[in-house]
Amino acid sequence: MKIAAILLAAGNGSRFYQSYLENELQINKYKKNEIECCKNKMLYQVRGKAMYEHTLDIIKAQTQIDKIVLVTQYKEILEKEPNITVKNDNSEKGISHSIHLGIEAVNYDSLSSYYYLFLVCDQPFLKATTIEHFITEFKKSNKGIGCVSINGEMKNPVIFSPKYEKELLLLKGDVGGKKVVKKHLDDVFLYEVDNKEELEDFDTLEAIIKKEGESL
């Protein structure tokens, strides 16, 4: 089983930036340094690293990952990670477009069939051990789809067998892989985690600042 990790970091992060504009004075009370990355959620510094780097670093450390593709629209990320990035010039087409670009990049120069592990890049507290154990247990499950879950609720990351490639490529608009998952629930393996913090994604600046404060 060959696994390609496709990291999705092409969203506009509009709610994140809007929350900064609406609460700039209040937020600056919490942050000693000037906030410069609020237009781009992926570059916002969490525990000393850009938000997207937390996900990327744990994937780079995985021995079970055979290929990495990072889909983004941001030049800062494209310039820093030139060997693995794919540019999304049409983020307005929604998450489905990033999924398509990721799959196409994985298969561009390969004759192998890959399992597709999709990860979002706004889960900065996701642990490397969670990904490692998730992949290991998924391999044992003989299922075609795997989801990390909390209290039975399906969350990201998600992994798909190559047999679901065509369905993923048929997705349109701002519709992600969950649509495919829900059509094939009998073929889904759930990997339950105990710590819901790991699976939290952050849409507003206030939410991540509050979480950082709780973690101090």
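The model is predicted: local features need pLDDT of at least 70, side-chain atom pairs count only at pLDDT 80 or more, and totals for chains, interfaces and linings use all residues. Residues are numbered from 1 along each chain as its sequence is written, and side-chain values use heavy atoms, with hydrogens and water left out.

## Aromatic pairs

The whole structure contains 4 aromatic pairs. Rings of Phe, Tyr and Trp (its six-membered ring) pair if their centres lie within 6.5 Å; planes under 30 degrees apart count as stacked, over 60 as edge-to-face and the rest as tilted.

The ring centres of Tyr116 and Phe118 are 6.5 Å apart with planes at 40°, so this pair is tilted. For Phe118 and Phe160, the centres are 6.0 Å apart and the planes stand at 75°, so the pair is edge-to-face. Phe118 belongs to strand 6 (residues 114-120) and Phe160 to strand 8 (residues 153-160), so their pair ties together parts that are 42 residues apart in sequence. Strands (E, at least two residues) and helices (H or I, at least four) are DSSP runs, numbered from the N terminus. Phe118 and Phe160 are both buried, and ring pairs link Tyr116, Phe118 and Phe160 into a cluster.

## Strand pairing

Two strands pair if DSSP finds at least two bridges between them. Strands 6 and 8 pair in the antiparallel sense over 3 bridges, and Tyr116 stands opposite Phe160 in strand 8.

Notes: Buried < 20%, exposed > 50% of the residue type's maximum accessible area, 1.4 Å probe, protein only.
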